[in-house]
Amino acid sequence: MTSQNITIISFGYFEKHFLEKIGEAVKQEFNYPVNIKESHIDLSEFFDPARRQYNGNKLLKTVDDISIPGSLKTIGLFSVDLFIPILTYIFGQAYLNGRSGIASRYRLSNESYGMPADEDLMLTRLIKEVVHELGHTFGLIHCHVPDCVMRSSAYVEDIDQKGHSLCIRCRSEFGAVQ
Amino acid sequence: MAKKITILIVDDEESVRDSLNNWFLEDGYQVECAENAKKALQLIESTHYDIILADIKMPGMDGLEMLRRIKALKKEAIVIVMTAFATVDTAVMALKDGAYDYVTKPFDPDDLSHLIRNATKQITLSQENEILKIKVGSLENIEDLIGNSEAMRKVLKQVESVAQSNSSVIITGESGTGKELIARAIHSNSSRKYYPLVSVHCGALSESLLESELFGHEKGAFTGAIYNRKGRFEMADSGTIFLDEIATISSKMQIELLRVLETKSFVRVGGNKEISSDFRVICATNRDLKSMVEQGIFREDLYYRLNVVNITVPPLRDRIEDISLLVDYFIKKYCTTMNKQMITIDEAALRRMEAHPFPGNIRELENMIERAIVIGNGKKITLKDLPFGKDMIDNSIESLDDFEKTFIRQILNKYSWNISRTAKALKVDRVTLYNKIRKYDLKPDE
């Protein structure tokens, strides 16, 4: 294994144990050391007043522009509502076969759907979303296996239904690009 | 591995192109982008795209004009138009001009996935449809019916001319002559070829079973009728129904069949609803229906209803020149299915086959070749691979006279009772042949 690592950057406040749990899951799934960092950017320039959401394309580009020595892949974590011009919302996105991805917990929390808060459930969802986006950066496309973390999720229920790991086929694809 | 679906995104906004590009790449599609209609049309002219996703509002040529031009270029192209300014008028216009669908930006991630999934399904269905059309077209081409003899050429000509009509056909011929194949050829060359050809072997079913098979039944119509079931006439809607061994049906079924043929409607067993079906009837029999009518066994009105066109398939002994073609065909067929190296047949074996009367016709010849390929040495079919040993000698022949009688009759039949040709083949003069015919009381209809 090379000395390269996967960097998780939190933008805004994330509980420490949250980030540690996400780091452990990422390390276990991709077998790379994980480096957790915190950063602050002015989100106002990413805000679209007409949509009252934050531009996911611009945020992804910003994360991609951050240069971190030794970082093979970088994932930025946000707490705001993300969109891209053609879609009403996104949970996250990444450059396929690229270096970076982003994920937001905004639409992963029960409160967004008028339900009582459930921190554990939200953490599980965020872990799945982070692993999913990182999977794309390793060249993995959406998978049709119901349990695979690379299965496409349009709704939060879709995230709940899938597992948090790669299926056998995606795992072997991931192995092939290593 | 399945071929990747290719998508062309046409939008003047870079952010839209990038977003869609990213999204579709993650879904495993192959994506290309164009920033205006002009560039898109250039790409479409040179490359095939399964799905074209185009914005309506673009500088220069707009999406609707581009849609019309794409459709003029490639009628089957699947174009989905997008706009941020939805009006009913533009949506209607786009759909009238042949757009597959119309979406308003921004859309829900699920809507986008559904849209592309449905379009993909449509593409797969169209492709399957094309493949099936080719398969159906090549399945029973008239040219595929083996035979170069005068008798067979006459049959093929009849098949060709009758196929385009909607008339009922009776195919007559001995068992094993390929009557069902002729029926398939008629169906496959008719305008009904994309609809089903439904075969019913009337001789294999009892009266009540045949009734339920042909007309279908309602749940509870009889013991064991636990579901509603469509009958063969219903299944053959827009297609053809092939009734094999029609001479075996009972007089009750003859009446019912006549009624269905006259009204093209029927009632399921145990039902009361009249069901209509548009089908063409082709029947087959190895019996002489005309004489059955004369004997009062087969209804005359049904006979005339069915017997609009009559095709008689000649027995194999009347088309000896086709034997070598059929042998070649079955050698290829069985060597391929048994995964064996292609073999040939030696001259002596072929000559012996040509002298055989083949009472079982093509079916007998086919079995003979299949057996020879199974038991043969894998290089050439020889006489010893063919079942012409002592077990093939007719047990009823006990004297030289019997043998002579049988042999002369066989050669007479082979030359369709042409006395000169038969005499020449037997190397006797015509008077001798006439004497033998008189002696053995041979008659053409024997």
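This is a predicted model: local features need pLDDT of at least 70, side-chain atom pairs count only at pLDDT 80 or more; totals for chains, interfaces and linings use all residues.
**Figure 1. Chain A at a glance.** Of the 178 residues in chain A, 39% are buried. Chain A is built from 5 helices and 9 strands. Followed from the N terminus, its elements come in the order β-α-β-β-β-α-β-β-β-β-β-α-α-α. Among the contacts in chain A with a separation of 6 or more, 61% join residues 24 or more positions apart.

**Figure 2. An open sheet of 5 strands in chain A.** The strands of this sheet are arranged in the order E2-E1-E5-E9-E8, and their pairing is mixed. At the edges we find strand E2 (34-39) and strand E8 (92-94) of chain A, each of which pairs on one side only. On average, and with direction ignored, neighbouring strands of the sheet are turned by 15° against each other. As a reminder for this view, strands of a sheet pair through backbone hydrogen bonds, either parallel or antiparallel.

**Figure 3. A closer look at E8(A) and E9(A).** E8(A) pairs with strand E9 (residues 100-104) of chain A in the antiparallel sense, over 3 bridges. To find your place along this pair, look for A:Ala94, which stands opposite A:Gly101 in E9(A).

**Figure 4. Helix H1 of chain A against the sheet strands.** Helix H1 (residues 16-30) of chain A lies across strand E1 (5-11) and E2 of chain A. Relative to E1(A), the helix runs at about 155°.

Figure 5. A:Phe138 belongs to the loop between helix H3 (119-137) and helix H4 (156-161) of chain A. Leaving aside residues up to four places away in sequence, A:Phe138 touches A:Phe174 and A:Val177.

**Figure 6. Where chain A meets chain B.** Here 16 residues of chain A are in contact with 19 residues of chain B. On the chain A side, the elements that give two or more residues are strand E6 (82-84) and strand E7 (87-90). Which of the elements gives the most? That is E7(A), with 3 residues. By class, the side of chain A that touches chain B has 10 nonpolar and 6 polar residues, with no charged residues.

**Figure 7. Chain B in overview.** Chain B has 446 residues, and 30% of them are buried. Its secondary structure comes to 18 helices and 16 strands. Of the contacts in chain B with a separation of 6 or more, 69% are between residues 24 or more positions apart.

**Figure 8. The crossing of helices H13 and H14 in chain B.** Two packed helices are described by the angle between their axes and the distance between the axes. For helix H13 (residues 323-337) and helix H14 (residues 347-355) of chain B, the axes come within 10 Å and cross at roughly 120°. H13(B) and H14(B) are therefore oblique to each other, and their crossing is right-handed. From H13(B), the residues B:Ile323, B:Ser324 and B:Val327 meet B:Leu350, B:Met353 and B:Glu354 of H14(B). Sorted by class, this contact has 4 nonpolar, 1 polar and 1 charged residues.

Note on methods. Residues are numbered from 1 along each chain as its sequence is written. Chains are lettered from A and ligands numbered from 1 in the order in which they are written. Axes are lines fitted to C-alpha atoms, for helices over the stretch in contact, and angles run from 0 to 180 degrees between N-to-C directions. Helices (H or I, at least four residues) and strands (E, at least two) are DSSP runs, numbered from the N terminus. Angles under 35 degrees count as roughly parallel, over 145 as roughly antiparallel, 65 to 115 as roughly perpendicular and the rest as oblique. A crossing is left-handed if the near helix is turned anticlockwise from the far one by less than a right angle, and right-handed if clockwise. Two residues are in contact if their C-beta atoms, placed from the backbone, lie within 7 Å. Ala, Val, Leu, Ile, Met, Phe, Trp, Tyr, Cys and Pro count as nonpolar, Asp, Glu, Lys and Arg as charged, and the others, Gly among them, as polar. A residue is buried if 20 or more other C-beta atoms lie within 10 Å of its own, exposed if 12 or fewer, and partly exposed in between; C-beta atoms are placed from the backbone. Two strands pair if DSSP finds at least two bridges between them.
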